[in-house]
Amino acid sequence: MSLNHSFARAMPIVATALGRKFGVTVTVGGDSAQTDGQTIWLPDLPPESALRSVAWGFLAHEASHVRHTDQPVFQATAAYSPLHYQILNILEDIRIELAIRHLYPGTEATLNSVVDWMLNTGKLNPPLLNEHPAHILTAFLLLHLRAQVLGQTVLLPVAAHAQQVLQRTFPAVFISHLYRLLIEVPQLVNTAAAADLTIRICQLLQTPAATAPAVPPNAKPERDEPTDQAENNGESTAATHTEAQTGTANSGGGAGVAADDPLQRTLAASADDMAGDLFTATRQALEDVSDNNAFGVLLPVGEAVEIAPQGQQFVRKVQAESRALSAKLQGLVQAKRRDRCYAVPQGNRLLSKRLYRVGMGETRLFARHTERTAPNTAVHLLVDLSGSMHQSLAGSSLGQIAQDAALALALALDAIAGVSVAVTAFPGQSGDSDRVACLMKHGQSPRTQAGAFTQSARGGTPLAQGLWYAAADLMLRTETRRMVLVITDGQPNDPKGALDIIRQCEQAGMMVVGIGIGCDVSALFAHHILIKTVSDLQHTLFELTEQFLV
């Protein structure tokens with residue numbers, strides 16, 4: 001695998017792409033796989049890891065929870081008892097996976113890969129007769145609903161086996177009523193509907209009509225293995241078994257069961273008595289084999305920045321520099337794109353200077369102009385706003401000078417067709433190294449976002465994290481040329497991590513340029529410039545952009 005291809009498949013790059021697709025925030029790095037209802041954390045796994053597909057399934061599942069689960073409603077019902085929590089979790093998992101599959105059909109295969117992996121590694125098994133009835137019930141619900149409602153057919157054999165164990169543990173009347181309730185699962189429209197169905201299933205365990213005795217646990221099963229019919233026709237098979245077991249239960253032998261009521265034991269069960277959650281097991285597996293930051297740093301979360309009301313004042317402040325820069329760049333690009341005229345045999349415009357060649361048999365007497373494309377370039381400006389950027393230069397802080405220059409360049413580039421620009425400051429607004437401040441994203445107007453370019457200096461210099469964020473952003477762009485431009489004044493927190501990411505960016509075809517404000521950054525950047533005055537910065541930005549655009 002080439003390094004370029006490896007970088008494109010790096011966990012942070014792919015996770016960012018999926019996070020944007022699903023509309024959720026994803027952070028990659030460390031050794032945890034979890035979500036807080038807003039952000040999803042994933043450990044970093046190398047491209048060759050067999051658990052990559054499991055990680056994407058976990059991401060799709062948790063992203064659907066973030067998008068579709070009403071957490072206050074979920075928690076209110078889950079608080080009733082461990083049984084309520086477990087049943088609701090199973091029903092809600094089914095509901096939200098149906099929802100995300102409807103929005104993004106490709107996630108069906110991604111989610112199925114999790115089930116395949118768990119089944120193949122022995123982490124997803126049918127319940128045993130000697131296990132707690134609450135475990136038997138919840139394992140049956142998980143396996144049966146995934147096989148029948150989600151169509152995860154690989155689970156049909158284990159779901160059929162779980163059905164047999166359920167029928168030998170619980171009263172036939174209870175099972176019959178349970179199946180009638182489970183018919184509603186595909187039509188659950190929200191968390192409240194799933195919570196209501198959970199409550200009714202738990203109430204069913206308390207219903208006197210459901211207390212008919214079950215087949216004794218030591219009774220010989222009708223068959224050791226499920227038939228094809230049981231695998232492919234779960235509910236009709238269940239009805240047949242229910243009728244058969246009603247007769248068996250009524251024929252005697254159930255007195256011992258009544259003293260050990262599975263319904264009451266299920267109602268009183270603790271969390272340890274129930275089948276494990278599918279994605280809890282997945283989460284644990286990912287954490288156990290995580291590469292613990294294979295690329296050395298976390299992919300930071302991009303924070304939205306409050307737009308200051310005096311934004312237009314900042315536009316006017318940098319407008320002179322921006323217009324001058326824009327005029328130069330526009331003229332430069334237009335000159336490079338100017339159509340080149342060449343001679344062809346047919347056309348609407350004669351080339352008078354070639355008419356004398358008619359006598360020599362020349363037929364190419366008409367003019368045709370070449371079609372030139374736009375620059376097709378994506379630029380990501382990274383602005384260092386570490387604490388040292390509060391230092392003053394020519395009456396302004398280095399941080400504000402850098403932001404003014406970035407805004408001026410963004411305004412100039414925004415006027416050029418085929419160029420897209422984003423501006424990000426690091427660290428985050430509270431100085432957190434695992435966050436960056438998004439001053440302007442691709443597609444946003446720099447005039448509208450001008451009020452965001454007023455950030456104060458704070459924290460350390462997490463350049464590696466900032467570079468990861470910019471690289472992940474550019475790898476998702478469709479433009480053929482990509483440039484990361486870093487404005488900084490000092491040494492990063494993690495020079496080795498920054499060097500590693502710069503190397504990978506360059507191998508992926510990105511141009512990475514470091515602009516050192518009063519400091520030499522040549523140890524980090526192959527393409528580097530040292531500036532000492534404000535005017536140097538404007539001139540430098542033009543020269544760099546000129547080189548890259550043309």
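Analyst: Before we look at how helices pack, here is one idea to hold on to: a helix axis is a line fitted to the C-alpha atoms over the stretch in contact, and the angle between two axes, taken between their N-to-C directions, runs from 0 to 180 degrees. Please also keep in mind that this is a predicted model.

User: Thanks! At what angle do helix 4 and helix 5 pack, and how far apart are their axes?

Analyst: Helix 4 (residues 71-78) packs on helix 5 at an angle of about 145°, and their axes lie 8 Å apart. On the helix 4 side, the contact uses F74, T77 and A78, while helix 5 brings H84, Y85, L88, N89 and E92. By class, these residues are 4 nonpolar, 3 polar and 1 charged.

User: Which residues of helix 5 and helix 6 make the contact between them?

Analyst: Start with the geometry: helix 5 (residues 82-103) and helix 6 (residues 107-120) pack at about 145°, with axes 8 Å apart. Helix 5 contributes E97, I100 and R101, and helix 6 contributes T107, E108 and L111. Sorted by class, that contact has 2 nonpolar, 1 polar and 3 charged residues.

User: How do I read burial? Is E62 buried or exposed?

Analyst: The general idea is a cut-off: a residue is buried under 20% relative accessible area and exposed over 50%. E62 has 5% relative accessibility, so E62 counts as buried. E62 is placed in helix 3 (residues 52-68). Setting aside neighbours within four places in sequence, E62 is in contact with T35, I40, F279 and R283.

User: And what about A268: buried or exposed?

Analyst: A268 counts as exposed because its relative accessibility is 63%. You will find A268 in the loop between helix 14 (262-267) and helix 15 (278-289). The C-alpha atoms of A268 and L83 are separated by 8.1 Å, although these residues are 185 residues apart along the chain.

User: Let's step back to the whole chain. How many helices and strands are there?

Analyst: The chain has 21 helices and 14 strands. Of its 550 residues, 53% are buried. Among contacts with a separation of 6 or more, 75% are between residues 24 or more positions apart. The accessible surface of the chain is about 23,800 Å², and carbon and sulfur atoms account for 50% of that.

User: How many residues are in the largest nonpolar core?

Analyst: There are 107, and the residues with the most contacts inside this core are L178 and L467. Helix 19 (residues 463-475) supplies the largest share of the core, with 10 residues. Another core, of 38 residues, lies apart from it and includes V315, V383, M440 and L544. Back at L178, its contacts beyond four places in sequence are L137, F140, L141, L166, I201 and L204.

User: Where is there a cis peptide bond?

Analyst: The cis peptide bond joins F426 and P427, with omega about 0°. P427 sits in the loop between strand 10 (419-426) and strand 11 (435-440).

User: Finally, what pLDDT does the chain average?

Analyst: The average is 81, and 78% of the residues score at least 70. Residues 1-5 have pLDDT below 50, and this stretch has 7 contacts in the model beyond near neighbours in sequence. Residues 212-256 are also below 50, with 67 such contacts in the model. Where pLDDT is low, the predicted coordinates should not be read in detail.

Methods:
Residues numbered from 1 in each chain as written. Predicted model: local features only at pLDDT ≥ 70, side-chain atom pairs only at ≥ 80, totals over all residues. Heavy atoms only, no water. Helix = DSSP H or I, 4+ residues; strand = E, 2+ residues; numbered from the N terminus. Buried < 20%, exposed > 50% of the residue type's maximum accessible area, 1.4 Å probe, protein only. Contact = heavy atoms within 4.5 Å. Core = buried A, V, L, I, M, F, W, Y, C linked by side-chain atoms within 4.5 Å. Areas by Shrake-Rupley, 256 points an atom, 1.4 Å probe, with all protein chains shown as cover. pLDDT = per-residue confidence, 0-100. Nonpolar A, V, L, I, M, F, W, Y, C, P; charged D, E, K, R; others polar.
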